[in-house]
Amino acid sequence: MPRRVRRSGLMMPINNPRFVNNSWRRNCDSLDFDLEDSVPQSQKEYARSLVKQVIPIGLMGGADVSVRINTATPEADIAASAWPGMGRIAHPKTESAQRIREVDALITKYERLRGIRVGAIEVTAMIESALGVSNGYDIASASPRVKAFGGGGGYDMSLDMGVDMFVGFNQFVYSAGECELVARALGKEFSISVHMTDTSGSVSDAEATYLRAVANRKAGGRSGGGLHPNVVEPSNRGLTPPPEEVDQARRVLSAYEEVQRRGDAEGELNGQVIDAYEAARAAELIDWSRLCAEKDAFKEQKRREAEGLQPQPTAR
Amino acid sequence: MNPFVRRSHLQISVLNQEEVLSSWKHKADAIVLDITDGAGLAARQQARELVRGSIAPASKGGGEVLVRISKEALFADVKAALWPGVKGIICPSLETAADVRELDEALLEAEKEHGIPRGSTEVLVLLDSGKGIWNVREIIAASSRLSTVGLEESSLYRHMEIMPDASFDPLVYAKGRIIVEAVAAKVHPIGVAHPYGIMPGFDNPQEIHRLALRGKNMGFKGAICLHPSWVEPCNRAYAPAADQIDYFKTVRATFAEAVARGTAATPYPGTTQMIDVPVDERARIMLELWEMVQSREADKASALSKAAE
């Protein structure tokens with residue numbers, strides 16, 4: 001399975017034409033169109049009617065396109081969302097494996113009807129409550145469409161736990177840690193967000209986003225998301241290995257090859273131990289760097305194509 | 001469990017009748033009559049006999065009365081100490097669902113004998129072993145009586161052979177696990193932040209409040225108070241802060257206006273903090289909790305003024 005590159009994401013209400021029509025210019029790896037919490041009840045049906053026409057707009061800049069559905073209306077939301085080009089359907093506040101199996105079956109139904117290879121659309125089982133964390137292993141195992149797993153933090157989680165956000169320590173050590181362990185135990189990609197004590201809750205702070213992205217990358221995280229265009233570039237940059245780290249990784253790999261040629265298990269490079277562990281880390285970094293470069297080139301090409309040929313903006 | 005407010009559980013030895021007689025004055029949400037404090041069988045027997053007469057004085061201030069027993073003497077303790085007016089039983093050291101069912105059976109017998117409505121006595125468990133913490137989910141699910149789960153840190157340290165050290169908390173995982181499983185099952189996790197779970201201090205209300213507030217922001221809903229000095233700071237910490245109430249009201253009003261305009265994501269006035277459904281929902285729940293706390297306080301105030309007459 002090829003690894004996906006989703007260093008940055010922008011979540012936006014799908015019923016906001018200004019956000020949607022400009023979304024493909026934002027250089028996001030993933031565009032996440034919301035049918036859920038940012039869309040008021042009175043506009044849910046209108047929001048659903050937009051998904052099909054929004055997908056090609058999102059794809060114009062080379063991003064993956066996803067949609068966040070409502071827990072109350074999975075059937076209508078999935079019927080409105082499972083169209084060619086849709087990359088991923090996110091189910092919020094997931095609390096049971098049964099729910100993910102139902103979502104999987106609904107998507108399969110529309111994939112068959114609409115000429116999409118069955119299994120092509122991924123599912124994100126968002127974990128945002130204590131019960132979701134408690135059932136995390138079963139939820140993540142419920143469908144092969146769940147390729148990545150994580151969660152156990154954020155506003156919904158704080159709501160469920162009855163804790164304040166931004167209190168100067170990490171209230172989600174256990175819940176987020178459990179989700180990460182589940183992802184790793186099941187061999188899935190995982191999303192993490194390293195705790196930073198200086199968070200103000202600002203959704204547009206580029207510098208804080210960059211520092212967090214770097215911290216996430218060093219902790220093994222590879223994915224990011226956000227709510228404001230300001231955070232896209234720092235997310236992309238922070239989760240991409242800088243050239244000096246790639247060069248160092250290459251030196252480690254060639255030093256390890258030399259160690260192996262000598263028939264040894266470990267050696268040394270400028271005071272650093274070079275062994276199978278360090279070599280594997282270096283190989284992963286080089287691989288990730290290559291995938292990031294491929295994604296960047298793909299987005300660049302798509303944007304150039306799109307700038308020559310822009311589709312009609314969505315009506316309001 | 002229906003939502004309830006129980007922020008402070010003031011624990012006193014029932015053998016110390018002087019403390020029992022003044023226990024109602026500290027405005028605790030609950031008074032824990034501990035029958036396990038004395039040494040030896042004679043002391044235990046004396047403690048059991050003192051429970052019945054201690055219920056009325058302990059509850060004079062409107063606090064609920066709980067009795068703390070031990071697992072080794074579970075059946076004897078329950079049968080001797082459960083009387084009308086006892087809201088619940090606190091039992092440490094349970095490790096499995098079968099342990100909870102055993103306690104459930106003892107309670108059924110004692111309820112029948114003493115004319116207490118069947119199934120009305122709550123169970124509060126304090127886990128003190130790796131096994132108990134690992135099994136927390138089945139322990140919570142084993143009885144609908146179960147209302148509260150916490151850690152008995154000193155025994156847990158002994159079980160795990162950990163030396164207490166104020167500078168770091170070795171129980172981050174254990175606390176996180178019981179909090180998440182309790183919240184998932186809609187029961188109360190109780191506790192305070194490190195180091196007061198293992199090295200409690202009693203003479204610094206600010207520090208008590210700080211660690212209780214930190215406990216609240218870990219997910220705990222209240223704490224066992226080993227000294228009356230803990231009650232006031234705990235009552236304050238495990239409730240929405242008075243200065244947050246205006247903020248929650250502004251969140252609700254701002255969000256309602258935004259929804260009327262056709263958007264469900266809007267910044268809090270003068271900031272870049274986003275208000276959306278969960279933020280609004282939290283404000284709604286916090287305001288409801290605030291109302292419940294106010295009503296609990298009013299009940300206690302009326303009991304206190306009656307007691308003072």
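**Chat: how chains A and B meet**

Student: How many salt bridges cross the interface of chain A and chain B?
Tutor: Two, by the rule used here. Keep in mind that this is a predicted model.

Student: Which side chain meets B:Arg282 in a salt bridge?
Tutor: That of A:Asp164. The N to O distance is 2.0 Å.

Student: And how many residue pairs are in polar contact across the interface?
Tutor: Eleven, with both residues of each pair at pLDDT 80 or more.

Student: Which helix gives the largest share of the side of chain A that touches chain B?
Tutor: α7(A), with six residues. The residues of that side of chain A divide into 15 nonpolar, 13 polar and five charged.

Student: What area is buried between the two chains?
Tutor: About 2700 Å². Carbon and sulfur atoms give 59% of that area. A:Leu159, A:Phe169 and A:Tyr174 supply 25% of what chain A buries against chain B, more than any other three residues.

Student: New topic. How many aromatic pairs are there over all chains?
Tutor: Six, by this rule. One of them is B:Phe202 with B:Trp230, a tilted pair. Their centres are 6.3 Å apart, with 40° between the planes.

Student: Why does that pair tie together separate parts?
Tutor: Because B:Phe202 lies in the loop between β7 and α9 of chain B, and B:Trp230 in the loop between β8 and α10. Those parts are 28 residues apart in sequence.

Student: Is B:Trp230 buried or exposed?
Tutor: Buried, at 2% relative accessibility. B:Phe202 is partly exposed, at 33%.

Student: Which residues form a cluster with B:Tyr196?
Tutor: B:Phe202 and B:Trp230. Together with B:Tyr196 they make one aromatic cluster.

Key. Residues numbered from 1 in each chain as written. Chains lettered and ligands numbered in written order. Predicted model: local features only at pLDDT ≥ 70, side-chain atom pairs only at ≥ 80, totals over all residues. Heavy atoms only, no water. Buried area = accessible area lost by both parts, 1.4 Å probe. Salt bridge = Lys/Arg side-chain N within 4 Å of Asp/Glu carboxyl O. Polar contact = N/O pair within 3.5 Å; in protein donor to acceptor, adjacent residues only side chain to side chain. Helix = DSSP H or I, 4+ residues; strand = E, 2+ residues; numbered from the N terminus. Nonpolar A, V, L, I, M, F, W, Y, C, P; charged D, E, K, R; others polar. Phe/Tyr/Trp six-rings, centres within 6.5 Å; stacked < 30°, edge-to-face > 60°. Buried < 20%, exposed > 50% of the residue type's maximum accessible area, 1.4 Å probe, protein only.
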